[in-house]
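Welcome! Have a look at the structure first, then work through them in order.

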Amino acid sequence: MISAISKRTITIDGHKTSVTLEDEFWMGLREIARRENATLRSLITQIDDARIRNNLSSAIRVFVLNHFRSHAHSADPC
């Protein structure tokens with residue numbers, strides 16, 4: 001299965017930047033924002049502020065992966 005990749009322009013701290021992610025990561029990011037009652041922009045800003053050296057697209061992928069991974073482990077009865 002080939003995943004579609006979407007490029008979106010967002011504004012962070014008054015600066016426009018492009019973020020390129022697979023559609024699944026955009027959906028995951030939207031789901032996290034919805035669950036945390038946050039806007040997509042505020043969530044991406046948090047990720048941007050916390051990243052050390054990765055580009056923003058990579059930082060978002062890692063954030064989404066870690067978020068769902070941690071929730072999967074907390075639901076694991078072992």
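**Exercise 1.** Leaving aside neighbours within four places in sequence, find the residues in contact with Leu56.

*Solution.* Start from the meaning of contact: heavy atoms within 4.5 Å. With the sequence neighbours set aside, the partners of Leu56 are Ile10, Ile12, Thr17, Val19, Ile44, Ile47, Asp48 and Arg51.
Before going on, note that this is a predicted model, where local features need pLDDT of at least 70, side-chain atom pairs count only at pLDDT 80 or more, and totals for chains, interfaces and linings use all residues. Residues are numbered from 1 along each chain as its sequence is written, and side-chain values use heavy atoms, with hydrogens and water left out.

**Exercise 2.** Work out how confident the prediction is.

*Solution.* For the chain its mean is 90, and 91% of the residues reach 70 or more.

**Exercise 3.** Decide whether Thr45 is buried or exposed, and find what it touches.

*Solution.* First locate Thr45: it lies in helix α2. Next, apply the cut-offs: buried means under 20% relative accessible area, exposed over 50%, and partly exposed in between (1.4 Å probe, protein chains only). Thr45 counts as buried because its relative accessibility is 16%. Finally, not counting residues up to four places away in sequence, Thr45 touches Ile12 and Asp13.

**Exercise 4.** Identify the residues with the most contacts inside the largest nonpolar core, and the elements that supply it.

*Solution.* A nonpolar core is a set of buried Ala, Val, Leu, Ile, Met, Phe, Trp, Tyr and Cys residues joined through side-chain atoms within 4.5 Å. The largest one has 15 residues, and those with the most contacts inside it are Val19, Leu29, Ile44, Ile47, Leu56 and Ile60. At least two residues of this core come from each of β1 (5-12), β2 (15-22), α1, α2 and α3. As background, nonpolar side chains tend to be buried together in soluble globular proteins.

**Exercise 5.** What share of the residues counts as buried?

*Solution.* Using the cut-off from Exercise 4, 28% of the 78 residues of the chain are buried.

Key:
pLDDT = per-residue confidence, 0-100. Helix = DSSP H or I, 4+ residues; strand = E, 2+ residues; numbered from the N terminus.
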